[in-house]
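Work through the following exercises with the sequence and the model side by side.

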Amino acid sequence: MSIQHTETQNSKQSPAQKAKETAAEAAEQLVDKTEQATSEAIDAARLKADEVALKGQSQINQVVQSIGRAIDAGGASLERDGMLGTAGYARAAARGISSAADEVDGFNPKNVTARVEHFVRDKPLAAAGILAVAGFALASFVNTRSGK
(Lines give C-alpha, C1' and ligand atoms only; values in the text may rest on other atoms or scores of the structure.)
Protein backbone atom coordinates (compact mmCIF):
# COMPACT_ATOMS: atom_id res chain seq x y z
CA MET A 1 0.00 0.00 0.00
CA SER A 2 1.30 3.39 -0.90
CA ILE A 3 1.58 6.26 1.57
CA GLN A 4 -0.83 8.33 -0.48
CA HIS A 5 -3.48 5.60 -0.41
CA THR A 6 -3.16 5.27 3.40
CA GLU A 7 -3.55 9.03 3.86
CA THR A 8 -6.70 8.99 1.72
CA GLN A 9 -8.19 6.23 3.87
CA ASN A 10 -7.32 8.11 7.07
CA SER A 11 -8.80 11.35 5.77
CA LYS A 12 -12.16 9.63 5.22
CA GLN A 13 -14.29 9.62 8.34
CA SER A 14 -16.01 6.60 9.65
CA PRO A 15 -19.81 6.73 10.02
CA ALA A 16 -19.38 6.84 13.80
CA GLN A 17 -17.04 9.83 13.56
CA LYS A 18 -19.45 11.63 11.20
CA ALA A 19 -22.34 10.93 13.57
CA LYS A 20 -20.29 12.23 16.50
CA GLU A 21 -19.43 15.45 14.69
CA THR A 22 -23.03 15.90 13.52
CA ALA A 23 -24.28 15.40 17.07
CA ALA A 24 -21.72 17.89 18.39
CA GLU A 25 -22.79 20.47 15.80
CA ALA A 26 -26.46 19.89 16.61
CA ALA A 27 -25.76 20.26 20.34
CA GLU A 28 -23.88 23.50 19.72
CA GLN A 29 -26.77 24.86 17.65
CA LEU A 30 -29.21 23.83 20.37
CA VAL A 31 -27.16 25.65 23.01
CA ASP A 32 -27.04 28.77 20.82
CA LYS A 33 -30.80 28.67 20.23
CA THR A 34 -31.47 28.06 23.92
CA GLU A 35 -29.27 31.00 24.93
CA GLN A 36 -31.03 33.22 22.40
CA ALA A 37 -34.49 32.11 23.55
CA THR A 38 -33.52 32.62 27.19
CA SER A 39 -32.20 36.08 26.46
CA GLU A 40 -35.38 36.98 24.58
CA ALA A 41 -37.53 35.63 27.43
CA ILE A 42 -35.55 37.66 29.99
CA ASP A 43 -35.91 40.80 27.87
CA ALA A 44 -39.66 40.26 27.48
CA ALA A 45 -40.07 39.60 31.21
CA ARG A 46 -38.04 42.71 32.04
CA LEU A 47 -40.19 44.87 29.78
CA LYS A 48 -43.42 43.46 31.25
CA ALA A 49 -42.14 43.86 34.81
CA ASP A 50 -41.19 47.48 34.12
CA GLU A 51 -44.60 48.12 32.57
CA VAL A 52 -46.47 46.59 35.51
CA ALA A 53 -44.26 48.39 38.03
CA LEU A 54 -44.81 51.76 36.36
CA LYS A 55 -48.57 51.20 36.25
CA GLY A 56 -48.63 50.18 39.91
CA GLN A 57 -46.41 53.10 40.80
CA SER A 58 -48.81 55.51 39.14
CA GLN A 59 -51.82 53.98 40.88
CA ILE A 60 -50.14 54.03 44.29
CA ASN A 61 -49.09 57.63 43.77
CA GLN A 62 -52.68 58.62 42.95
CA VAL A 63 -54.08 56.82 46.01
CA VAL A 64 -51.49 58.30 48.37
CA GLN A 65 -52.03 61.79 46.94
CA SER A 66 -55.81 61.39 47.40
CA ILE A 67 -55.35 60.34 51.02
CA GLY A 68 -53.10 63.36 51.61
CA ARG A 69 -55.68 65.70 50.09
CA ALA A 70 -58.44 64.16 52.21
CA ILE A 71 -56.44 64.61 55.42
CA ASP A 72 -55.58 68.18 54.39
CA ALA A 73 -59.29 68.88 53.80
CA GLY A 74 -59.98 67.41 57.25
CA GLY A 75 -57.39 69.82 58.67
CA ALA A 76 -59.16 72.74 57.01
CA SER A 77 -62.45 71.57 58.50
CA LEU A 78 -60.85 71.35 61.94
CA GLU A 79 -59.56 74.92 61.54
CA ARG A 80 -63.07 76.15 60.73
CA ASP A 81 -64.30 74.40 63.86
CA GLY A 82 -61.70 76.24 65.94
CA MET A 83 -59.45 73.22 66.62
CA LEU A 84 -56.26 74.89 65.48
CA GLY A 85 -53.86 72.53 67.27
CA THR A 86 -55.48 69.39 65.90
CA ALA A 87 -55.74 71.03 62.47
CA GLY A 88 -51.98 71.67 62.54
CA TYR A 89 -51.33 67.98 63.23
CA ALA A 90 -53.67 66.97 60.41
CA ARG A 91 -51.96 69.34 57.98
CA ALA A 92 -48.51 68.07 59.04
CA ALA A 93 -49.72 64.51 58.43
CA ALA A 94 -51.03 65.55 55.01
CA ARG A 95 -47.64 67.06 54.13
CA GLY A 96 -45.93 63.85 55.24
CA ILE A 97 -48.25 61.76 53.09
CA SER A 98 -47.69 64.06 50.14
CA SER A 99 -43.95 63.64 50.65
CA ALA A 100 -44.42 59.85 50.69
CA ALA A 101 -46.32 60.11 47.40
CA ASP A 102 -43.39 62.03 45.93
CA GLU A 103 -41.07 59.23 47.09
CA VAL A 104 -43.28 56.64 45.35
CA ASP A 105 -43.30 58.78 42.23
CA GLY A 106 -39.49 59.03 42.31
CA PHE A 107 -39.02 55.26 42.68
CA ASN A 108 -37.29 53.70 39.69
CA PRO A 109 -38.66 50.19 39.06
CA LYS A 110 -35.96 49.48 36.47
CA ASN A 111 -33.44 49.26 39.31
CA VAL A 112 -35.50 46.48 40.87
CA THR A 113 -35.86 44.53 37.63
CA ALA A 114 -32.13 44.90 36.97
CA ARG A 115 -31.35 43.51 40.45
CA VAL A 116 -33.72 40.58 39.90
CA GLU A 117 -32.18 39.88 36.51
CA HIS A 118 -28.67 39.86 37.98
CA PHE A 119 -29.82 37.53 40.77
CA VAL A 120 -31.36 35.12 38.25
CA ARG A 121 -28.24 35.17 36.09
CA ASP A 122 -25.87 34.77 39.06
CA LYS A 123 -27.94 32.14 40.91
CA PRO A 124 -30.21 30.35 38.42
CA LEU A 125 -30.77 27.34 40.68
CA ALA A 126 -31.81 29.50 43.62
CA ALA A 127 -34.13 31.47 41.33
CA ALA A 128 -35.66 28.25 40.00
CA GLY A 129 -36.15 27.04 43.58
CA ILE A 130 -37.82 30.28 44.61
CA LEU A 131 -40.11 30.14 41.59
CA ALA A 132 -40.97 26.51 42.32
CA VAL A 133 -41.88 27.32 45.93
CA ALA A 134 -43.93 30.31 44.77
CA GLY A 135 -45.69 28.08 42.22
CA PHE A 136 -46.53 25.48 44.85
CA ALA A 137 -47.81 28.19 47.20
CA LEU A 138 -49.96 29.69 44.44
CA ALA A 139 -51.31 26.26 43.46
CA SER A 140 -52.10 25.51 47.10
CA PHE A 141 -53.88 28.84 47.47
CA VAL A 142 -55.90 28.27 44.29
CA ASN A 143 -56.84 24.75 45.38
CA THR A 144 -57.89 26.00 48.80
CA ARG A 145 -59.98 28.82 47.31
CA SER A 146 -61.66 26.54 44.74
CA GLY A 147 -62.49 23.98 47.43
CA LYS A 148 -64.70 26.45 49.34
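**Exercise 1: the nonpolar patch**

Task: determine which helix gives the most residues to the nonpolar patch, and which residues form that patch.

Solution. Helix 4 (residues 109-122) gives the most, with 3 residues, where helices (H or I, at least four residues) and strands (E, at least two) are DSSP runs numbered from the N terminus. The model is predicted, with local features needing pLDDT of at least 70 and side-chain atom pairs pLDDT 80 or more, while totals for chains, interfaces and linings use all residues. Residues are numbered from 1 along each chain as its sequence is written, and side-chain values use heavy atoms, without hydrogens and water.

Next, the members of this surface patch are Val116, Phe119, Val120 and Ile130, which together have about 330 Å² of accessible area (Shrake-Rupley method, 1.4 Å probe, only the protein chains shown counting as cover for residues).

Finally, Val120 lies in helix 4, and Val120 counts as partly exposed because its relative accessibility is 33%, between the limits for buried (under 20%) and exposed (over 50%).

**Exercise 2: the whole protein**

Task: state how many helices and strands the protein has, and what percentage of its residues count as buried.

Solution. The protein has 5 helices and 0 strands, which gives the pattern α-α-α-α-α along the sequence. Of its 148 residues, 10% count as buried.

Technical notes: Patch = residues over 30% accessible without salt bridge, like charges linked within 9 Å, V, L, I, M, F, W, Y side chains within 5 Å. Salt bridge = Lys/Arg side-chain N within 4 Å of Asp/Glu carboxyl O. Buried < 20%, exposed > 50% of the residue type's maximum accessible area, 1.4 Å probe, protein only.
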